[in-house]
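Visitor: I would like to learn how to read a protein model. Please take the features one at a time.

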Amino acid sequence: MAAPLLSASDIQTRARQLSSEWSVEGKELKSVWKFKGFVEAIAFVNKMVEPAEAAGHHPDLSISYNKVTVCLSTHDSGGLTHLDFDLAEAISRF
Ligand code: H2B
C-alpha cells in the first residue's frame with residue numbers, strides 16, 4: 001500500500017527540521033550538491049544505494065560532472081510522504 005501523503009502542515013513542520021540544503025518544490029524535496037569532481041559526485045550517489053534499497057524508496061537523480069541534483073517524491077502516492085523526509089534526513093547525515 002502506498003504511504004499516506006503528508007498534509008501541508010506536516011510538510012511545513014518536517015521541512016523546518018531539515019537542513020537548509022533542502023527545499024520543498026511542489027510535490028518534491030530538492031537539493032543540489034557540489035563536489036570537487038565527478039568521482040566525488042558518484043561516491044555521494046553511491047552512498048544513497050543502501051538507505052534507498054532498505055526503504056524501498058529511491059531518489060530521482062541528475063548528475064552533471066560535479067553537481068548532483070536530488071529530487072525526492074513518493075511517486076506511488078503522488079506527492080510527499082514521510083519516506084521522502086526520512087531519506088532526505090539520511091542523505092544529509094552523510
Ligand atoms: N521511489 C520513490 N521515490 N517513489 C516511489 O513511489 C517508489 C520508489 N516506489 N521506489 C517503490 C520503488 C515501489 O515502486 C516499489 C514496488 O517498492
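Guide: Start with burial: buried means under 20% relative accessible area, exposed means over 50%, and partly exposed is in between, using a 1.4 Å probe and protein chains only. By that scale Glu 89 is partly exposed, with a relative accessible area of 23%.

Visitor: What should I know about the model itself?

Guide: This is a predicted model, in which local features need pLDDT of at least 70, side-chain atom pairs count only at pLDDT 80 or more, and totals for chains, interfaces and linings use all residues. Residues are numbered from 1 along each chain as its sequence is written, and side-chain values use heavy atoms, with hydrogens and water left out.

Visitor: How many salt bridges does the structure hold?

Guide: A salt bridge is a side-chain nitrogen of Lys or Arg within 4 Å of a carboxyl oxygen of Asp or Glu. The structure holds three. In one of them, the side chains of Asp 86 and Arg 14 meet at 2.9 Å, N to O. This pair links distant parts of the chain, with Asp 86 in helix α4 and Arg 14 in helix α1 (residues 8-17), 72 residues apart. Helices (H or I, at least four residues) and strands (E, at least two) are DSSP runs, numbered from the N terminus.

Visitor: With which residue does Arg 14 form a salt bridge at 3.0 Å?

Guide: The partner is Glu 89, the closest N and O atoms being 3.0 Å apart. Here too the pair links distant parts of the chain, Arg 14 in α1 and Glu 89 in α4, 75 residues apart. Arg 14 counts as buried because its relative accessible area is 18%, whereas Asp 86, at 35%, is partly exposed. There is also a salt bridge between Lys 36 and Glu 40, with the closest N and O atoms 3.8 Å apart. Lys 36 counts as exposed because its relative accessibility is 74%. Salt bridges that share partners join Arg 14, Asp 86 and Glu 89 into one network.

Visitor: How do I read strand pairing?

Guide: Two strands pair if DSSP finds at least two bridges between them. Strand β3 (residues 60-64) and strand β4 (residues 67-72) run antiparallel and are joined by five bridges. Ile 63 lies in β3, and its bridge partner in β4 is Val 68. The hairpin of β3 and β4 has two residues between the strands, and Tyr 65 takes a positive phi near 55° there. Strand β2 (residues 28-34) also pairs with β4 in the antiparallel sense, over six bridges. Across that pairing, Leu 29 stands opposite Leu 72 in β4.

Visitor: Is β4 mostly covered or mostly exposed?

Guide: β4 is mostly covered, with five of its six residues buried. Thr 69 lies in this strand and counts as buried because its relative accessibility is 14%. A contact means heavy atoms within 4.5 Å. Leaving out residues up to four places away in sequence, Thr 69 touches residues including Lys 30, Val 32 and Asp 60.

Visitor: What is a nonpolar core?

Guide: In soluble globular proteins, nonpolar side chains tend to be buried together. A nonpolar core is a set of buried Ala, Val, Leu, Ile, Met, Phe, Trp, Tyr and Cys residues joined through side-chain atoms within 4.5 Å. The largest one here has 17 residues, and those with the most contacts inside it are Trp 22, Leu 29, Phe 44, Val 70, Leu 72 and Ile 91. β2, α2 (38-47), β4 and α4 (82-92) each supply at least two residues of this core. α4 gives the most, with four residues.
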